Amino acid sequence: MLRRTLFALIPALLPVLAAPGQAQAQGEVAVYSARHYDTDRRLYDAFTQATGIRVRLIEGNADQLIERIRNEGANSPADVFITVDAARLARAKEAGITQPHGSAIIDQRVPAGLRDPQGHWFALSQRARVIMYDKQRGAPQGLTRYEDLADPRFRGQICVRAANHPYNVSLAASILAADGTAATEAWARGVAANLARPPQGGDRDQFRAIPPGQCTLAISNTYYLAHFGASESAADRELFERIGVIFPNQGPNDRGAHVNISGAALVRTAPNKANAARFLEFLTTNQAQEILALGNMEYPVVTGVPLHPALVAMGTFRAEAINGDRLAANAAEALQIMQRAGWR
Ligand SMILES: [Fe+2]
C-alpha cells in the first residue's frame, strides 16, 4: 500500500528528473550481473533517477547466472545479463539465453568492433591486459609483444595469476587466433619457464610483487593499477608511480593490445522488455559511460567521455579487435595449452 501511495506522489516530481522529451516509465528491470563493483550500483541509481525504473540486481558468477537463466526458462525474471569477458558473453548467446537488442541507438553509439554482429551483446567498458615493469630498473629491452614474454632472456622474471582465470584464458585464446596452435604451445611453454613463482593471487598481487624484487615483469589489467593511482594512500600512489606499462603489439602491422570488455545482453525471455531496452540504451549514454570510466577506471566505449587521469598517465594504445565467438571457441584449447605447458 505504501508503494502505491508513493507512486501516486511521484508523478509530480518526475518531469524534473526525466530527460526532455522522454516518456516516464515505471516498474522495474531485473539485472543479472557478474560484475561486482561499487561503481555499478551508482550506475543503476542514476538510471532509476533518470527513468523511475527500479533496478532489481541479482549478482553471481557468470557461468552460474547463465545456468540459472536457462533453468528458470520462460519464467525467468531476468531482463538483462551483464558480465566481464567477451568469451562469456558469447557463451551466453550460444546457450540461447539472449536475444538481439534491436536498438539503433546502441548500434550507433557503440563501435561495431565492440558489439556482437547479431546484436546479442555489446560492450559497456573495456580494460587492456598489459605488461608492467619497474621504472626504477628501466623498461625491459626487446619486450613489445605478448609473444616476447616467452623469450628465455626473461627467465624467472614474470608474475602472472593462474592460467584458468578468464583474463588469461581470453588472452591466450586471442594469441591462439593470431598465431595458431603450435606457436601458442611454444609461447605458453616459454612463459611457464619464465615464471618467477607459481601463479598466485589476483592481478594486483602481480605488480605489487615488483618493488620487493619477487619479479620484474607482471601481467595485469589496466584498471587494477589505475586504482592505485587514484588511492588516498601515499604508498599506493608511490607504487603507481613506480610501475611502468607496456601496451603490447602496437607495431603498425600488429594486432594491438588485448582488451577485455564488460558487456550487456537482453535476455531472451525478458518479462520487462521495454524497460530492459531503456536500461541497455542508458548504458551507452555519456552519463553512464562517465560513471564507468571515472568510477572503475575503465576505458569507455563511446567517444567524448573523459578518461580517468590515472589511465591518461599510462598512455594511449591501439586495441585488438574483439571477436567474442572466436574467443569462446578457442577458450578450452587455450586453457589446455597453458596447463599442458605447466602454467597452472
Ligand atoms: Fe577484474
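The largest nonpolar core holds 102 residues, and Val 80, Phe 81, Met 132 and Ala 172 touch the most other members. A nonpolar core here is a set of buried Ala, Val, Leu, Ile, Met, Phe, Trp, Tyr and Cys residues joined through C-beta atoms within 7 Å. A residue is buried if 20 or more other C-beta atoms lie within 10 Å of its own, exposed if 12 or fewer, and partly exposed in between, with C-beta atoms placed from the backbone. Strand β5 (residues 122–134) is the top contributor to this core, with eight residues. Domain 1 (13–126 + 259–306) and domain 2 (128–257 + 316–340) both supply residues, so the core lies between them.

The model is predicted: local features need pLDDT of at least 70, side-chain atom pairs count only at pLDDT 80 or more, and totals for chains, interfaces and linings use all residues. Residues are numbered from 1 along each chain as its sequence is written.

**Domains.** The domain bounds come from an automatic or database domain assignment. Over C-alpha atoms, the centres of domain 1 and domain 2 are 28 Å apart. Their contact takes 18 residues from domain 1 and 21 residues from domain 2. Two residues are in contact if their C-beta atoms, placed from the backbone, lie within 7 Å. On the domain 1 side, α5 (86–94) and β9 (259–267) each give two or more residues. α5 gives the most, with seven residues. Helices (H or I, at least four residues) and strands (E, at least two) are DSSP runs, numbered from the N terminus.

**Helix packing.** α5 and helix α7 (residues 166–179) pack at about 90°, with axes 9 Å apart. Axes are lines fitted to C-alpha atoms, for helices over the stretch in contact, and angles run from 0 to 180 degrees between N-to-C directions. That makes α5 roughly perpendicular to α7, a class covering 65 to 115 degrees. Ala 86, Ala 87 and Arg 88 of α5 meet Pro 166, Ser 170 and Ala 173 of α7.

**Around Met 132 and α10.** Beyond its neighbours within four places in sequence, Met 132 contacts residues including Phe 207, Leu 217, Leu 225 and Ile 243. Leu 225 is among the buried residues of α10. In helix α10 (residues 222–229), six of eight residues are buried. The cover over them includes β5, α9 (203–208), β7 (217–221), α11 (234–242), β8 (243–246) and α14 (309–314).

How values were computed: Parallel < 35°, antiparallel > 145°, perpendicular 65-115°, else oblique.
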